[in-house]
Amino acid sequence: MTDPQDDPEHAEDAEDEALTALGALGDPVRRRLYRFAAAAPDAVGRDAAAEAAGISRSLAAFHLDRLVEAGLLETVFRRLSGRSGPGAGRPAKLYRRAGREHTLSLPPRAYDTAGRLLAEAVERAGLDRELQAVARERGAEQATGDPVGTLRAHGYEPFRDQGEQGKAGEAGGEEVVRLRNCPFHALAEEFPALVCGMNLALVKGLVEGCDGWSAEMSPGPGRCCVALRRL
Amino acid sequence: MTGFHLAQVNIGRIVAPIDGPELAGFVAELPAINKLADESPGFVWRMVDDDGADATALRPDGADDLLLVNCSVWESVEALRDYVYRSDHLRVLSRRREWFTRMTEAHQALWWVPVGHRPTVAEAMERVALLREHGSGPRAFTFRDPHPAPTA
């Protein structure tokens with residue numbers, strides 16, 4: 001396991017990168033555009049971003065491309081209308097949040113390193129259930145009764161899964177909320193059973209007392225493995 | 001396509017006899033989770049006992065009645081990873097300590113086998129032993145340190 005922070009030169013590069021990225025967010029217009037793109041369930045076009053930020057399309061295009069240069073957004077090209085073949089027009093340039101993580105702490109703090117060491121120790125000791133119990137307790141302490149608001153405040157980026165709701169709607173009006181962001185992404189990749197189990201328990205705690213909502217494991221590509229369901 | 005598939009073995013010591021109340025939850029999960037494996041992209045084969053449904057009657061160590069073995073073959077490391085960590089299997093996996101005691105030594109191993117090869121319990125246990133003795137290498141490795149399939 002290599003930790004970039006073990007290497008001073010590497011650490012400085014990473015810090016410079018984070019500073020460049022965060023510097024790009026100093027502008028309030030860019031911040032609005034970034035938040036809009038980051039919160040959208042799918043990649044967004046220039047028109048939608050411009051409208052959300054209340055600026056012109058060309059200004060939005062300029063700032064969106066600056067955010068791409070800073071490594072905060074990435075682009076995908078796709079035909080928006082669903083048409084294909086000749087005559088379908090050029091694919092649109094769409095923007096979505098880049099996968100790269102930026103961490104900056106002044107003075108330097110290495111909570112991620114501590115997290116990895118603790119996770120490895122807990123895994124070695126086989127304390128999954130103890131960890132889950134703590135997560136559930138701490139989550140329940142922070143429950144507010146509003147599942148979507150609580151999870152948003154904790155960085156999960158919840159969204160209602162309309163597709164599945166539509167399908168389930170016919171079967172009996174089930175509501176589904178998925179989480180676009182995994183707040184523990186890197187740790188979860190390294191210790192999936194341990195960290196995803198912890199996260200499920202934490203979310204169960206966070207939505208405790210929320211009328212009819214329950215949290216369950218429902219992994220899918222590019223999102224948190226927990227989903228909320230209400231029958 | 002290479003001429004190799006990925007074999008996987010996982011051994012685990014259950015906290016109580018397989019037919020007891022402590023393991024009832026685990027046993028209840030098995031049919032669905034095995035079906036999910038069978039239907040997963042890249043699944044090739046999994047070891048079963050004489051009953052043919054799962055491998056819970058197999059005992060890789062005759063002296064240890066609580067040691068279970070689970071062995072399967074997949075098209076690639078990614079296919080196996082998607083099943084183990086990115087499917088409903090993850091839900092069951094996160095409950096592992098309800099049913100299995102922790103192991104201080106390596107308890108799973110990955111290795112490449114020629115397409116069509118079906119590992120035996122003895123072969124699988126040999127790979128776990130290799131990993132315990134020499135650490136991760138081309139003949140027995142881990143998810144964290146995957147080795148590419150042989151080219152020849």
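User: Before we start, how are helices and strands defined here?
Analyst: Helices (H or I, at least four residues) and strands (E, at least two) are DSSP runs, numbered from the N terminus. This is a predicted model, where local features need pLDDT of at least 70, side-chain atom pairs count only at pLDDT 80 or more, and totals for chains, interfaces and linings use all residues. Residues are numbered from 1 along each chain as its sequence is written, while chains are lettered from A and ligands numbered from 1 in the order in which they are written.

User: Why does Glu157(A) count as buried?
Analyst: Glu157(A) counts as buried because it has 20 C-beta neighbours inside 10 Å, the cut-off being 20 or more other C-beta atoms within 10 Å, with C-beta atoms placed from the backbone.

User: Switching to chain B, which strand runs antiparallel to β1 (residues 4-13) over seven bridges?
Analyst: That is strand β4 (residues 108-114) of chain B, where Pro114(B) stands opposite Phe4(B); two strands pair if DSSP finds at least two bridges between them.

User: How many bridges join β1(B) to β3 (residues 67-74)?
Analyst: Eight bridges, again in the antiparallel sense, and Ile11(B) has Val69(B) in β3(B) as its bridge partner.

Notes: A residue is buried if 20 or more other C-beta atoms lie within 10 Å of its own, exposed if 12 or fewer, and partly exposed in between; C-beta atoms are placed from the backbone.
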